[in-house]
Amino acid sequence: MKKGQRKNSQKLKEPKPYYSKSRKRWVAQVRMLDGKYRARFVHSKDDAYDAIQEMLADRAAGVVGENSVKSSIDQWLAAGDWRAKTRQDYADTSKKMIDLYEIPLRSLNQESVQQVLDNIKSTAMRDRVRSTLRTMLNWCVFRKMIRSNPVVDTQPVKHKRQPIE
């Protein structure tokens, strides 16, 4: 047998959840394509099996990494080949999304995005933040960091026009 080869009895096994006494939680852990392990801590064994199935689906789809929204914004800004003013506008607009910064990118959902948009008073700024976030998350979908863009499901801002007198 060559070095690095596995015997038939040493095949990769299906990941199984285990209970962590110190955390008092069930742990679902899967090795991803980039070689790193992704773990989720949940309350029940059934939730752990569901988390494993979701992570295995991500692995099969080629989704890699677990980034926060802030780190994804930083990567997106660094990867873009925009003019300096455009980059600065995007950076300034992304500061309005500070409530989303610490959320893991994969946990971002339509409700959390809509809540941030609802907290912005100016309709023009709300439009700008929604557009910037949608563009950044489309980039993340293209890079297989997430499966779908939650901003697509949010309601665009309805502008109230004043009648001309």
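Start by selecting alanine 51. Apart from neighbours within four places in sequence, alanine 51 is in contact with Ala28 and Arg40, where contact means heavy atoms within 4.5 Å. Alanine 51 sits in helix α1, residues 45–61; helices (H or I, at least four residues) and strands (E, at least two) are DSSP runs, numbered from the N terminus. Is alanine 51 buried or exposed? Alanine 51 is buried, at a relative accessible area of 6%. Here buried means under 20% relative accessible area, exposed over 50%, and partly exposed in between, with a 1.4 Å probe and protein chains only.

A quick word on what you're looking at. This is a predicted model, in which local features need pLDDT of at least 70 and side-chain atom pairs count only at pLDDT 80 or more, while totals for chains, interfaces and linings use all residues. Residues are numbered from 1 along each chain as its sequence is written, and side-chain values use heavy atoms, with hydrogens and water left out.

**The whole protein**

Zoom out and colour by secondary structure. The protein has five helices and three strands, and from the N terminus on they run β-β-β-α-α-α-α-α. Of the 165 residues, 35% are buried. Among contacts with a separation of 6 or more, 55% are between residues 24 or more positions apart.

**A loop stop**

Next, pick lysine 24, in the loop between β1 (18–20) and β2 (25–31). Lysine 24 has a positive phi of about 55°, although it is not a glycine. With a relative accessible area of 61%, lysine 24 is exposed.

**Helix α5**

Select residues 123–142. This is α5, with 20 residues, and it reaches 28 Å from its first C-alpha to its last, close to the 28 Å expected at 1.5 Å a residue. The expected span is 1.5 Å times one less than the number of residues. Show side chains and find the buried residues of α5, including Met125, Val129, Leu133, Leu137 and Trp139.

**Two pairings of α2**

Axes are lines fitted to C-alpha atoms, for helices over the stretch in contact, and angles run from 0 to 180 degrees between N-to-C directions. To see the contact, highlight Val69, Ser72, Ile73, Gln75, Trp76 and Ala79 of α2 with Thr132, Thr135, Met136, Trp139 and Cys140 of α5. These residues divide into seven nonpolar, four polar and no charged. Ala, Val, Leu, Ile, Met, Phe, Trp, Tyr, Cys and Pro count as nonpolar, Asp, Glu, Lys and Arg as charged, and the others, Gly among them, as polar.

The axes of α2 and α3 come within 10 Å and cross at roughly 170°, so α2 and α3 are roughly antiparallel to each other. Their contact is made by Ile73, Trp76, Leu77 and Ala78 of α2 and Arg87, Tyr90, Ala91 and Ser94 of α3. That makes six nonpolar residues, one polar and one charged.

**After α5**

For the last stop, go to the segment after α5, where you'll find lysine 144. Its phi is near 60°, a positive value in a residue other than glycine. Lysine 144 counts as partly exposed, at 43% relative accessibility.

Arginine 147 is in the segment after α5 too. Arginine 147 is partly exposed, with a relative accessible area of 48%. Finish by selecting aspartate 58 as well: arginine 147 and aspartate 58 are 89 residues apart in sequence and 8.1 Å apart in space, C-alpha to C-alpha.

Key. Parallel < 35°, antiparallel > 145°, perpendicular 65-115°, else oblique.
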